[in-house]
Amino acid sequence: MKEKIIQLLNEADDYISGEEISKQLGVSRTAIWKVINRLKEEGYEIESVTRKGYRLLSSPDILNSEELHYNLNTEIIGNKIINFDKLDSTNQQAKKLALEGASNGTVVIAEEQTAGKGRRGKMWVSPPGTGIWMSAILRPSVMPENASMLTLVAGLAVCKAVREITNLEASIKWPNDIVVNGKKICGLLTEMNSEIDFINFVVVGIGINVNIEKFPPELDNIATSLMIEGNQSYQRKKLVKRTLEIFEDYYKKYLATEDLTKIIEEYNEHCINIGRKVRVTGRKQDITGNVKCVTNKGELIVTDQQGEDIVVTSGEVSVRGIYGYV
Ligand code: BTN
């Protein structure tokens, strides 16, 4: 009912009467009055005028399923959105829900994470009300070895959505960071539950630093936020919706070929690694070289100092000029 009332308030050009809402929803005017009061407590500015009804003056930038579903133009991703004020980690919660049978496309989102997970066991700082901490549960019919490309699919979606909404020059640092002015504004963590030849589910975790004003000193050289880079705050709900919409578009393209064929050109255009010197660590042997491209299988091609092209599928990649690497 709350979702429907928010929708009616949003769609009304002017006042909408309690009677009209109650007729449309088939519930009493008292029930509506109670929901309106709850909405006011949540930060919605709603004017109530006798004999005219209710008028929505402004909505808060809260990430609840009602707000996020309003005008969300997707079929799969976000068809169900489960929101929390506080969670340990949206990836953890998404994995739990997926094991309990949550459907393909379900999105878990939280205002705050108390134990946000980064890659390789790192913590992900996730303060309340200032970022986007969300995880999508996907059940793609693709081979497990092709699932890691989903990180790249989601990364490109975040990059495009950030560019569209903020006009900031966001780029992708392969494989799972989005950077603005050489610092990280988003990290992605993809986890999978599969059998040898069958994916049960994939959880794509997305963390975007939106309106964070300051980072702890140890992260100051590496992390930034859209607010710091753009000198203004941004509406998180708008960014969530565009990210999910673009993600779905690229996800369908990925499903069509089970790889990145249909999006790789765009990916390479936005990938900051291309043409730069990199050092790849965490493999049997470190590699230093120049990045040629990312392939349609999501691999990084690095031309090493002997002129040989090396195919990199994993490892920690330091890019010259990014996060203080010189
Ligand atoms: C990284 O860059 O190390 C990956 C960071 C991923 C953070 C996001 S926030 C939403 C989701 N839930 C988590 O616990 N982690 C991911």
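Which residues does Lys-184 touch, not counting residues up to four places away in sequence? Lys-184 touches Trp-124, Asp-177, Ile-178, Val-179, Asn-209, Ile-222, Ala-223, Thr-224 and Tyr-323, where contact means heavy atoms within 4.5 Å. This is a predicted model, in which local features need pLDDT of at least 70 and side-chain atom pairs count only at pLDDT 80 or more, while totals for chains, interfaces and linings use all residues. Residues are numbered from 1 along each chain as its sequence is written, and side-chain values use heavy atoms, with hydrogens and water left out.

**Annotated positions**

- An unreviewed UniProt entry places the feature "binding site" at Ser-89, Thr-90, Asn-91, Gln-113 and Lys-184; UniProt positions follow the numbering used here, feature names are shortened, and annotations may be inferred rather than shown by experiment.
- Ser-89, Thr-90, Asn-91, Gln-113 and Lys-184 from this set belong to the lining of the largest pocket. On a 1 Å grid over the protein atoms alone, a pocket is an open set of points with protein on both sides within 12 Å along at least five of seven lines, and lining residues have an atom within 4 Å of a point.
- The unreviewed UniProt entry also places the feature "DNA-binding region" at residues 18–37.
- Residues 18–37 are 85% helix and 0% strand, with the end C-alpha atoms 13 Å apart; helices (H or I, at least four residues) and strands (E, at least two) are DSSP runs, numbered from the N terminus.

**Ligand surroundings**

- The ligand is surrounded by 20 residues, of which the closest are Ser-89, Gln-113, Lys-117, Arg-119 and Lys-184; a residue counts as near if one of its heavy atoms lies within 4 Å of the molecule.
- A polar side-chain atom of Ser-89 is 2.7 Å from an oxygen atom of the ligand.
- From Lys-117, a backbone N or O atom is 2.7 Å from an oxygen atom of the ligand.
- From Asn-91, a backbone N or O atom is 3.5 Å from a nitrogen atom of the ligand.
- The protein buries 97% of the 420 Å² that the ligand exposes when taken alone, with accessible areas from the Shrake-Rupley method and a 1.4 Å probe.

- Gln-113 is in strand E4 (residues 107–113) and is buried, with a relative accessible area of 10%; buried means under 20%, exposed over 50%, and partly exposed in between (1.4 Å probe, protein chains only).
- Leaving aside neighbours within four places in sequence, Gln-113 is in contact with Leu-87, Asp-88, Ser-89, Thr-90, Trp-124, Ser-126 and Trp-133.
- The Gln-113 side chain reaches the backbone nitrogen of Thr-90 at 2.8 Å.
- Lys-184 is in strand E8 (residues 183–195) and is buried, with a relative accessible area of 17%.
- The side chains of Lys-184 and Asp-177 are joined by a polar contact of 3.0 Å; such a contact is a pair of N or O atoms within 3.5 Å, and within protein one must be able to donate a hydrogen and the other to accept it, while residues adjacent in sequence count only if both atoms are side-chain atoms.

**Asn-273**

- Asn-273 lies in the loop between helix H9 (264–270) and strand E10 (277–281), and is buried with a relative accessible area of 0%.
- A polar atom of the Asn-273 side chain lies 2.9 Å from the backbone nitrogen of Trp-174.
- Not counting residues up to four places away in sequence, Asn-273 touches residues including Ile-172, Lys-173, Trp-174 and Val-278.

**Ser-194**

- Ser-194 is in strand E8 and is partly exposed, with a relative accessible area of 33%.
- Ser-194 and Met-143 are 51 residues apart in sequence and 9.4 Å apart in space, C-alpha to C-alpha.

Conventions
1 Å grid on protein atoms, 1.4 Å probe; cavity = no way out; pocket = protein on both sides within 12 Å on 5 of 7 lines; lining within 4 Å.
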